[in-house]
Amino acid sequence: METTDNGILSDWQHLLDMVAANAADLPYLEAPRIRLGTQLTQALEIQEEKAALTASGQEKAKQLRVLMTEGQRLATAMRMMIKAHYGIRSEKLAEFGLRPFQGRNRKAAQPTQAAPAAIED
């Protein structure tokens, strides 16, 4: 027995084909056959719509990635231009979310340790 959507729809189609081929022997299945045929048609239409939406969603995701990349490049360029305009040390940069350059912190000179004195007997 099929468990995937495509497998189930394929099974329905096969069942409908076989019932239609043997309609003379199975006249009491005509009403359910028509009803199942309608449901199969609707299911196939919905499946097609779902596939189109998935493809559309994938296309939108791709467009979003391109826009995000281009936007990040543009934002980075703008930040660089702002730094060039105000200078890298200007406190005005903080308004734009940029940190002004404040120089490097120099490490304090650590005293070198003298070698331990030799132990005398």
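Figure 1. The buried residues of helix α2 are Leu36, Gly37, Leu40, Ala75 and Ile82, where buried means under 20% relative accessible area, exposed means over 50%, and partly exposed lies in between, computed with a 1.4 Å probe on protein chains only. This is a predicted model, in which local features need pLDDT of at least 70 and side-chain atom pairs count only at pLDDT 80 or more, while totals for chains, interfaces and linings use all residues. Residues are numbered from 1 along each chain as its sequence is written, and side-chain values use heavy atoms, with hydrogens and water left out. The buried residues of α2 pack against α1, a contact being heavy atoms within 4.5 Å. In α1 the buried residues are Gly7, Leu9, Leu16 and Val19, and α2 is included in what covers them.

**Figure 2. The two helices of the protein chain.** The protein chain has 2 helices and 0 strands; helices (H or I, at least four residues) and strands (E, at least two) are DSSP runs, numbered from the N terminus. Helix α1 covers residues 5-21, and its 17 residues reach 24 Å from the first C-alpha to the last, close to the 24 Å expected at 1.5 Å a residue. The expected span is 1.5 Å times one less than the number of residues in the helix. For α2, with 57 residues, the span should be 84 Å, and the end C-alpha atoms are 82 Å apart, which agrees. After α2 comes Gly87, whose phi is positive, near 95 degrees. Of the 121 residues of the protein chain, 11% count as buried, and among its contacts with a separation of 6 or more, residues 24 or more positions apart account for 28%.

**Figure 3. Asn6 of helix α1 and its distance to Leu44.** Asn6 lies in helix α1 and is exposed, because its relative accessible area is 52%. Although Asn6 and Leu44 are 38 residues apart in sequence, their C-alpha atoms are 9.2 Å apart in space.

Figure 4. The structure holds 2 salt bridges, each defined as a side-chain nitrogen of Lys or Arg within 4 Å of a carboxyl oxygen of Asp or Glu. In this view the side chains of Arg33 and Glu30 meet at 2.7 Å, N to O. Both residues belong to helix α2 (residues 30-86), and because they are 3 residues apart there, about one helical turn separates them. An α-helix has 3.6 residues a turn, so residues three or four places apart point the same way. Arg33 counts as partly exposed at 25% relative accessibility, and Glu30 counts as partly exposed at 31%.

**Figure 5. A salt bridge between Glu95 and Lys92.** The side chains of Glu95 and Lys92 meet in a salt bridge with an N to O distance of 3.2 Å. Glu95 counts as exposed, at 59% relative accessibility, whereas Lys92 counts as partly exposed, at 31%.

**Figure 6. The aromatic pair and the surroundings of Tyr86.** The structure holds 1 aromatic pair. The ring centres of Tyr86 and Phe96 are 5.9 Å apart and the ring planes stand at 35 degrees, so the pair is tilted. The pair links distant parts of the chain, with Tyr86 in helix α2 and Phe96 in the segment after α2, 10 residues apart. Rings of Phe, Tyr and Trp (its six-membered ring) pair if their centres lie within 6.5 Å, and planes under 30 degrees apart count as stacked, over 60 as edge-to-face and the rest as tilted. Tyr86 counts as partly exposed at 35% relative accessibility, and Phe96 is partly exposed with a relative accessible area of 37%. Not counting residues up to four places away in sequence, Tyr86 touches Lys92, Leu93 and Phe96. The C-alpha atoms of Tyr86 and Pro100, which are 14 residues apart along the chain, are separated by 9.9 Å.

**Figure 7. A nonpolar surface patch made by Leu74, Met78 and Met81.** Leu74, Met78 and Met81 make a nonpolar surface patch of about 330 Å². Patches are made of residues with over 30% relative accessible area and no salt bridge, like charges being joined within 9 Å and nonpolar side chains (Val, Leu, Ile, Met, Phe, Trp, Tyr) within 5 Å. Met81 has its place in helix α2 and is exposed, with a relative accessible area of 54%. The protein chain as a whole exposes about 11,000 Å², of which carbon and sulfur atoms supply 57%; accessible areas come from the Shrake-Rupley method with a 1.4 Å probe, and for residues only the protein chains shown count as cover.
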